[in-house]
2 protein chains.
Amino acid sequence: MGERTYYLDHAAATPCDERVIAAMAPFWAETFYNPSAGYEGGRMARQALENARVTCSRILGAKPYEIVFTAGATESVHIALGGVLAGGGHAVVSAVEHAAVQAAVASYAFTVAHVDGRGYVTPEAVAAAVNDETVVVSVALADNEFGTVQPVAEIARRLERIRNDRRTRGVVTPLYLHSDGSQAAISLDMKVSRLGVDMLTLNAAKCYGPKQVGLLWLGSQVRLRPFLSGGGQERGLRSGTENVAGAAGIATAFELVQGARHSENERLAVMRTELIGRLSAAVPDMVVDGHPKKHLPGHIHIHLAGLDAERVVFRLSDEGIYCATGAACAANKQTRSLSLEAVGMSPAEADGSLRLTLGHLNKLEDIPYVAGRIAEAIAKERGL
Amino acid sequence: MGERTYYLDHAAATPCDERVIAAMAPFWAETFYNPSAGYEGGRMARQALENARVTCSRILGAKPYEIVFTAGATESVHIALGGVLAGGGHAVVSAVEHAAVQAAVASYAFTVAHVDGRGYVTPEAVAAAVNDETVVVSVALADNEFGTVQPVAEIARRLERIRNDRRTRGVVTPLYLHSDGSQAAISLDMKVSRLGVDMLTLNAAKCYGPKQVGLLWLGSQVRLRPFLSGGGQERGLRSGTENVAGAAGIATAFELVQGARHSENERLAVMRTELIGRLSAAVPDMVVDGHPKKHLPGHIHIHLAGLDAERVVFRLSDEGIYCATGAACAANKQTRSLSLEAVGMSPAEADGSLRLTLGHLNKLEDIPYVAGRIAEAIAKERGL
């Protein structure tokens, strides 16, 4: 090692921002106290935790007490969806949800809302999947495979019509909209009132913050059964001594990415256009997946039917270029991402998929080199 | 602030050891990669995770694949107990278990095994609570209120007789022994074969490691339903991108405390004797709770009926002495610890309880001063 690397997998993991590391530092060995303790040290830890909550709530345009700190997005999703569904009822999830969302509803009644070939789910497709037993709908702000940005605010409005209709018919079943904002929080506006969601999951690990730190925003109308019960921390929804370092970390990370998102989105968009342009020129039969307009600014998904994308990833790794075959969150790499099937890809297309996700570690000046090496690796792999 | 503080609440939280902070450091912004990624960086993260697993397994005398890294003890307990009980059956828990254990069994059939006035649970009390439906028994190695060390190995042998008896009668229900080692890991031998347990929970936050980092050791005979499902990480039992920094942190923390436990136990025992001796001399009617012999070396629990211990804690906080009224893990301080009731304390005795837990931050030379201030605060509070 020691050679220069080019990281194109920001959707799988992001390095902690130095300012995030600094924000966490006081809580390892100095203000390490248990926030439930009655003495001054405990109150200092509690104050730091609540400061982090205020920061997060301000960015979401929400109330501090609506924020539940969790140990990552998988946990947030289970607290949200499991917490609603434990009371009974049916769920609707989009066909391109993260494996955690799919798993959280798997043991309950659920319907998959179909996506189009671009990984886009329409409000109509969601509404068609909702029935009178539906208590929760989960659609990510943007998915982790294609980076397609979903029309969550429109879905929220469509669900509001369904709620009104239920009311007139005397159906009292609640209907909540949960959204996984893990991939989107670096790029999109996260004001919950504009999104129209009832619950929102965020993940520090995708925002240049620490891993296994997340949050769940819960509108005050939401009633959940506790998931991780015990000491009663985080409103009883996530028991366990609070991770104050993590809370300070996610608050700082979230504040930094949201504060810089307009300029960073522009920077990412320029790099994305440049990288796609160069790759398309070098590999003319390459197909760019996802939505041509509604996509995360630094997210690229391409495929070439018949390519062994896994071998391309290994080849590129040898040259210090790090990219993914597909959603790297699936620990079991023998299984294809369900998202690829959901957009109608054949096995040969799915296995020929590459995901290139740009972020802080990329510079425009590196793109020509990176594009050249990727095109070369593809050509070699195809025996051209 | 800025004045010197004296920390006597190591059972509630421990500061991260500097070597733990150093062990986590490379994984924030350098080897930050997703361990599921196929490129060299991902493999480096995976290697670090597996190295941490090997370290932990060696200390437990176990196999690396038997270690599941979790986001803290509350999560470990839910994965273990919920994972067994989701398949049906009955649980037995001691009356001095942590709130997380009590909560994890609360929605299932369970029986509480009674403790004596010292917070000690006998193998006979456990066996008496077991019936043919019992699938899991949970007894902490030492409880967090009194620091009483439980006869877990003897309980294990008693359960083995029950298993043998079941076998001869053709009863095929499995019977697992889970133990929460959170409080004990700094002091006791943690070899799982000597303990005789089937599942063991550990908590980095009580071992001079990071908060919301834990592990669950699972004997290969144990069959669990997945609790946090999704990407399938950690054998499918704890999905979510792995917290490599946390894993390196718990492995280092656990290695350090276990490596130093004999000398540290001696040091703690000397301080404990000194502190109890001085307090008893100054406050002759003070009662020392817990087991006179089988206790954690740095753990002190005392009570004075009629004392307002909460006010004593506040008084002492003003003088920079940090101690607890009872188990600080309970976020809701309006409720009394169930452990205090379990040993037969009256409300006046329970409310007059102080917990003083020694650790790295204490020095023998400070004990006379600390004892003096505590005795003084008690005297003032009693109007003496």
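A salt bridge is a side-chain nitrogen of Lys or Arg within 4 Å of a carboxyl oxygen of Asp or Glu, and between chain B and chain A the count is two salt bridges. This is a predicted model, in which local features need pLDDT of at least 70 and side-chain atom pairs count only at pLDDT 80 or more, while totals for chains, interfaces and linings use all residues. Residues are numbered from 1 along each chain as its sequence is written, chains are lettered from A in the order in which they are written, and side-chain values use heavy atoms, with hydrogens and water left out.

Begin by selecting A:Arg238 and B:Glu75, whose side chains meet in a salt bridge at 3.4 Å, N to O.

Next, select the residues in contact (heavy atoms within 4.5 Å), which are 61 from chain B and 61 from chain A. Of the interface residues of chain B, 100% are also interface residues in chain A, so the copies meet through the same surface. The buried area, meaning the accessible area (1.4 Å probe) that two parts lose on being put together, summed over both, is about 5000 Å² between chain B and chain A, and carbon and sulfur atoms give 60% of that area.

Now view the two chains together. Chain B can be laid on chain A by a turn of 180° and a shift of 0.0 Å along the axis, with an RMSD of 0.0 Å, when the copies are superposed by least squares on the C-alpha atoms of residues with pLDDT of at least 70 in both. That is the relation of a two-fold axis. To find the axis from chain B, select B:Ala71, whose C-alpha is the nearest to the axis in that chain, 3.1 Å from it.

Finally, turn to the aromatic rings. Rings of Phe, Tyr and Trp (its six-membered ring) pair if their centres lie within 6.5 Å, and planes under 30 degrees apart count as stacked, over 60 as edge-to-face and the rest as tilted; the structure holds 18 aromatic pairs over all chains. Select A:Tyr39 and B:Tyr322, whose ring centres are 4.6 Å apart with the planes at 5°, so the pair is stacked.
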